[in-house]
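Hello,

Here is the structure for you to look through. My notes on it follow below.

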Amino acid sequence: MSQYGATVLRLFLGVTFLMHAYLALVVYGPAGAVEFNARMGIPLPEVAAWFTILAHGVGGIMLILGLWTRVAALANLVVMLGALVFVHLPQGYFLTAVLVDNTPRPAGYEYVLLLVGATLAQVLLGGGALAVTRRG
């Protein structure tokens with residue numbers, strides 16, 4: 001059954017990352033993603049925004065299909081580590097709503113830390129059962 005555990009993880013991560021790509025590409029737009037990255041002090045904000053959109057979008061689809069799972073998970077691991085270090089780590093552990101000057105701010109790294117751990121596990125596990133490519 002462990003191969004099916006890897007499959008469940010792969011599907012849930014794939015959907016989550018695909019929705020994050022949608023948020024960055026459609027809701028915020030690339031310019032908004034670049035602006036957010038610049039505000040957070042992320043190096044090369046334009047490159048980081050497009051890398052995030054592509055890693056989450058293309059990588060999310062690849063995870064859902066089980067196509068080169070480890071590569072897709074690794075690309076997303078880079079993004080999530082960046083989110084952990086540059087955005088969430090300074091805000092403490094707990095994921096709570098924080099208002100600064102009546103403006104909501106992202107808070108806490110518990111969710112991002114969970115995604116980092118789950119994505120790292122996917123890199124190590126591979127695609128599991130029902131993956132298009134079983135070795136990647």
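**Surface patch and aromatic rings**

Two helices, α1 (2-39) and α2 (45-65), each supply at least two residues of the nonpolar patch. Helices here are DSSP runs of H or I with at least four residues, strands are runs of E with at least two, and both are numbered from the N terminus. This is a predicted model, in which local features need pLDDT of at least 70 and side-chain atom pairs count only at pLDDT 80 or more, while totals for chains, interfaces and linings use all residues. Residues are numbered from 1 along each chain as its sequence is written, and side-chain values use heavy atoms, with hydrogens and water left out.

The patch lies on the surface, and its residues include Val15, Leu23, Trp50 and Val58. Together the patch residues have about 1,100 Å² of accessible area. Helix α1 gives the most, with 8 residues. Leu23 is found in α1 and is partly exposed, at 32% relative accessibility (buried is under 20%, exposed over 50%, partly exposed in between, with a 1.4 Å probe and protein chains only).

The structure also holds 2 aromatic pairs (ring centres within 6.5 Å; planes under 30 degrees apart are stacked, over 60 edge-to-face, the rest tilted; for Trp the six-membered ring is used). The rings of Tyr93 and Phe94 have centres 5.1 Å apart and planes at 85°, so they are edge-to-face. Phe94 is exposed, at 58% relative accessible area, and Tyr93 is partly exposed, at 37%. Tyr93 and Tyr109 are also edge-to-face, with ring centres 5.3 Å apart and planes at 90°. Tyr93, Phe94 and Tyr109 form one aromatic cluster.

Regards

Methods: Patch = residues over 30% accessible without salt bridge, like charges linked within 9 Å, V, L, I, M, F, W, Y side chains within 5 Å. Areas by Shrake-Rupley, 256 points an atom, 1.4 Å probe, with all protein chains shown as cover. Salt bridge = Lys/Arg side-chain N within 4 Å of Asp/Glu carboxyl O.
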